[in-house]
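The following paragraphs go through a predicted model.

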There are 4 protein chains.
Amino acid sequence: MTFQWPVRIYWEDTDAGGVVYYANYLKFFERARTEWLRSRGLGQQALQATAGGMFVASSAQVRWLQPAMLDDALQVTAQVTHLGRASVTIEQQVLRPSASQTAPPILCEGTVRLGWVHASTLRPARIPDTVLAVLTAP
Amino acid sequence: MTFQWPVRIYWEDTDAGGVVYYANYLKFFERARTEWLRSRGLGQQALQATAGGMFVASSAQVRWLQPAMLDDALQVTAQVTHLGRASVTIEQQVLRPSASQTAPPILCEGTVRLGWVHASTLRPARIPDTVLAVLTAP
Amino acid sequence: MTFQWPVRIYWEDTDAGGVVYYANYLKFFERARTEWLRSRGLGQQALQATAGGMFVASSAQVRWLQPAMLDDALQVTAQVTHLGRASVTIEQQVLRPSASQTAPPILCEGTVRLGWVHASTLRPARIPDTVLAVLTAP
Amino acid sequence: MTFQWPVRIYWEDTDAGGVVYYANYLKFFERARTEWLRSRGLGQQALQATAGGMFVASSAQVRWLQPAMLDDALQVTAQVTHLGRASVTIEQQVLRPSASQTAPPILCEGTVRLGWVHASTLRPARIPDTVLAVLTAP
């Protein structure tokens, strides 16, 4: 099942166009990825402390389909679509669920490729086995 | 010639990884696009007031190649690669020039497709001729 | 009883010092104020639509006492301390609860004075009676 | 003479109220403080590397007087008003200069107290003499 995380839209997220600023969807993506890992027992501080590294975005494709607005209660998904030895690719959507709709409209969707890097050197490295095990757990 | 705009990295741009937060490069992209239009006489407020609409991002592809750091003095480029009746596609790079290098390293590069929308309805519309004229001027 | 709202710390909130960036506590304050009003039936969009105005910060005093970190699960409080005809003053704290402590440490505390302004002119105005009633309800 | 630094308002700085989001003025304050130190030869990275610490905000008082808008070309000031052994207090203003006005309106003003902390422990410490010398230079 696809992981979902709720995101509420506050003034800080919007811009003078009356909608959510385009870069902020990448924040929402990252919150969902972080919570997905936390739901599997991996906090970001612990990742650095025990695994000695962190994930950094190496590439992304994003489509903004419909604007999100102040007060919106959204859901953000995260699902692994490819797992390599040094990177993982995650597909994400920002949805606006509503009581009246079975299929909530997709406001934004994207694919983010994360590479594993050493915490100090920031150089690419193989994903540690302990982290891999978490990513591949059912 | 490709438009360039300087961006300085402050504490606000960085994250606990010691580098610039990945979503913030889209802010830098947007600053360079805004200044490119301003350099051609088009302010964002004026766009809304006189042309009755605004550009909103509809899709983007981004590659993060090297991390930017606190205090970095970067250059951000913006260049139109495709111009349609209702959208424009812009290629952008974030570079770190240095005295010793002829070719500054590319820290981040991306392609952003912007659609024109009515300011009030936020619905897609044809780019007004006055705006088109500015975009296609040499 | 003082209103409380949970805030989780993500990468977006931190800076290269390894802690939460100082301005972001004002975002957390604003989230708690927004949710306090929502808990009383007042959404921000509805405020503008039905009451024709909005609250804007006119002054604040903030003290940063201890740094918040990545992954922290904080609580943010909001409590009215003064209510005038055109403004409301709210006292707020950012706390880090923990299982082992009866009194969670205060990371940041502040007092924010909000003035009511017309949505279109942004000029100060008397707080509408419907909004006042919500603010003063027990 | 009071140090001044220009700040341009972009979409990223605004919110759905059509004005600059209140917390962002603290970003502008911090940019001006950073550039004031840089103008005296002190970069933020160098501060950490050579002086082994950094300044963190311990308290602030802020007054928001008039809203800043998209496209605004502002000036942000920074001036030391008190210098202790472990902290420095800086007075700051955000101004909107215009050709027609001799006294530009103040949009926002504040006082920020910064404490010096060790880079690793984040504990308060005496400001190193080399940093003090820079702060007190005429």
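In chain D, strand E3 (residues 73–83) and strand E4 (residues 87–95) run antiparallel and are joined by six bridges. One position to look at is D:Val80, whose bridge partner in E4(D) is D:Ile90.

This pair belongs to an open sheet of 10 strands, with the order E1(C)-E3(C)-E4(C)-E5(C)-E2(C)-E2(D)-E5(D)-E4(D)-E3(D)-E1(D) and antiparallel pairing. The edges are strand E1 (3–8) of chain C and strand E1 (3–8) of chain D, each of which pairs on one side only. From one strand to the next the twist averages 30°.

Within the chain C part of this sheet, strand E2 (residues 53–64) and strand E5 (residues 106–118) run antiparallel, with 11 bridges joining them. Here C:Phe55 stands opposite C:Trp116 in E5(C). E2(C) also pairs with strand E2 (residues 53–64) of chain D, in the antiparallel sense and over five bridges.

Chains A and B are next. They contribute to an open sheet of 10 strands, ordered E1(A)-E3(A)-E4(A)-E5(A)-E2(A)-E2(B)-E5(B)-E4(B)-E3(B)-E1(B), again with antiparallel pairing. Strand E1 (3–8) of chain A and strand E1 (3–8) of chain B are the edge strands, pairing on one side only. The twist averages 30° from one strand to the next in this sheet.

At the chain B end, six bridges link E1(B) to strand E3 (residues 73–83) of chain B, and the two run antiparallel. B:Phe3 stands opposite B:Ala78 in E3(B). Elsewhere in chain B, helix H2 (residues 44–51) lies across E2 and strand E5 (106–118), running at about 140° to E2(B).

Where do the two chains join within the sheet? E2(A) and strand E2 (residues 53–64) of chain B run antiparallel and are joined by five bridges. A:Arg63 has B:Ser59 in E2(B) as its bridge partner.

The contact involves 23 residues from chain A and 23 residues from chain B. The size of an interface is often expressed as the accessible area lost when the parts come together. Between them, chain A and chain B bury about 1,900 Å², and 64% of this is on carbon and sulfur atoms. A:Tyr22, A:Leu26 and A:Trp64 account for 28% of the area that chain A buries against chain B, more than any other three residues.

Which elements give two or more residues to the side of chain A that touches chain B? They are helix H1 (24–39) and strand E2 (53–64) of chain A. E2(A) provides the largest share of that side, nine residues. By class, the side of chain A that touches chain B has 15 nonpolar, four polar and four charged residues.

Polar interactions across the interface can be listed by kind. There are 10 residue pairs in polar contact between chain A and chain B, counting pairs with both residues at pLDDT 80 or more.

Terms used:
Residues numbered from 1 in each chain as written. Chains lettered and ligands numbered in written order. Predicted model: local features only at pLDDT ≥ 70, side-chain atom pairs only at ≥ 80, totals over all residues. Heavy atoms only, no water. Contact = heavy atoms within 4.5 Å. Buried area = accessible area lost by both parts, 1.4 Å probe. Polar contact = N/O pair within 3.5 Å; in protein donor to acceptor, adjacent residues only side chain to side chain. Helix = DSSP H or I, 4+ residues; strand = E, 2+ residues; numbered from the N terminus. Nonpolar A, V, L, I, M, F, W, Y, C, P; charged D, E, K, R; others polar. Pairing = 2+ DSSP bridges. Axes fitted to C-alpha atoms, helices over the stretch in contact; angles between N-to-C directions.
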